[in-house]
Amino acid sequence: DGQVAVQVGSAVRRFGEAHHTFGSPHHVQRTGQTAQFLAQRILDRALVAGPFILCHLLLVCGQQFDNRGHCLAYVVVLQLGLAGFLVVLILSFFAFAPKMRWLMRSPLILQFQMMFMHRHRAARPPPYIYLSDGGLIECLGVLMLLRRRLPMILCTDACEDMHVTLRALRDTIALAREERLCSFYDVNEPRRDVELAMSELKDSSCSFLRLGIRYEPSEADE
């Protein structure tokens, strides 16, 4: 698809240079880039949009049958359209297979998988990748540092927390416990439960919270 888009952009640029259609060389270059971009987007989306368009047309046809009183045809066509949507969405979870990789070109499928918090894993990356700040899983960015077993971590919590519940930090501690990465303790009194130290922060005059980290033994340590 990328080679075809490049050829389309080159053809548009050659046409503009030969016939002086697009004005200055700068406009010719920009027009060629725009044509290449549009060709790439169309080629990327057209293949995966086909099944969704077909299913949508079936739903429209089913509505027409319903308006004319053809109940059986309405039910059959409607079920075919809905089943088509369902099949495409289910197949998207198997997009790690080379034959199904084209499904990952659809923004609708990417949003659908994001809603189910599905992590796509394959030998080759998908054509389009969404990058985020990790807020869907952990807002503070501390979990990755814990996985690296850093001896000192400085974290600024800018989450909306009017009542100072430290919910983002609590979520991070829960995730670290699930992965058996480490344990947290009160630096001033290691035998004291860390939850008590966190709950006292909102009533204290201190503007920071210091916690100790004890990492679990790793295979490298053994």
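Reply: Let us begin with a pair of helices. Helices α2 and α3 are roughly antiparallel to each other, because angles over 145 degrees count as roughly antiparallel. This is a predicted model, in which local features need pLDDT of at least 70 and side-chain atom pairs count only at pLDDT 80 or more, while totals for chains, interfaces and linings use all residues. Residues are numbered from 1 along each chain as its sequence is written, and side-chain values use heavy atoms, with hydrogens and water left out.

Me: At what angle do helix α2 and helix α3 pack, and how far apart are their axes?

Reply: Two packed helices are described by the angle between their axes and the distance between the axes. Here α2 (residues 25–67) and α3 (residues 71–91) pack at about 160°, and their axes are 8 Å apart. The axes are lines fitted to C-alpha atoms, for helices over the stretch in contact, and angles run from 0 to 180 degrees between N-to-C directions. Helices (H or I, at least four residues) and strands (E, at least two) are DSSP runs, numbered from the N terminus.

Me: Which residues make the contact between α2 and α3?

Reply: Contact means heavy atoms within 4.5 Å. On the α2 side the residues include P51, F52, C55 and L59, and on the α3 side they include Y74, V77, L78 and F85. The residues of this contact divide into 16 nonpolar, five polar and one charged. In this classification Ala, Val, Leu, Ile, Met, Phe, Trp, Tyr, Cys and Pro count as nonpolar, Asp, Glu, Lys and Arg as charged, and the others, Gly among them, as polar.

Me: Which residues touch the most other members of the largest nonpolar core?

Reply: A nonpolar core is a set of buried Ala, Val, Leu, Ile, Met, Phe, Trp, Tyr and Cys residues joined through side-chain atoms within 4.5 Å. Buried means under 20% relative accessible area, exposed over 50%, and partly exposed in between (1.4 Å probe, protein chains only). Of the 16 residues in the largest core, L146, L169, A176, L181, C182, F184 and M198 touch the most other members. The elements giving two or more residues to this core are α5 (142–147), α6 (167–178), β1 (182–186) and α7 (194–199). Helix α6 supplies the largest share, four residues. Leaving out residues up to four places away in sequence, L169 touches L140, M198, L209 and L211. A second, separate core of seven residues includes V48, F52, V88 and F112.

Me: Is S106 buried or exposed?

Reply: S106 is buried, with a relative accessible area of 4%. This residue lies in the loop between α3 and α4 (107–115). Apart from neighbours within four places in sequence, S106 is in contact with R45, V48 and F52.

Me: What is the phi of M117, and where does M117 lie?

Reply: M117 has a positive phi of about 55° although it is not a glycine. This residue lies in the loop between α4 and α5 and is exposed, with a relative accessible area of 56%. V164 likewise has a positive phi, of about 50°, and is not a glycine. V164 is placed in the loop between α5 and α6, and at 30% relative accessibility V164 counts as partly exposed.

Me: How far apart in space are L175 and E138?

Reply: L175 and E138 are 37 residues apart in sequence and 8.4 Å apart in space, C-alpha to C-alpha. L175 is found in helix α6. Not counting residues up to four places away in sequence, L175 touches I137, E138 and L143.

Note on methods
Parallel < 35°, antiparallel > 145°, perpendicular 65-115°, else oblique.
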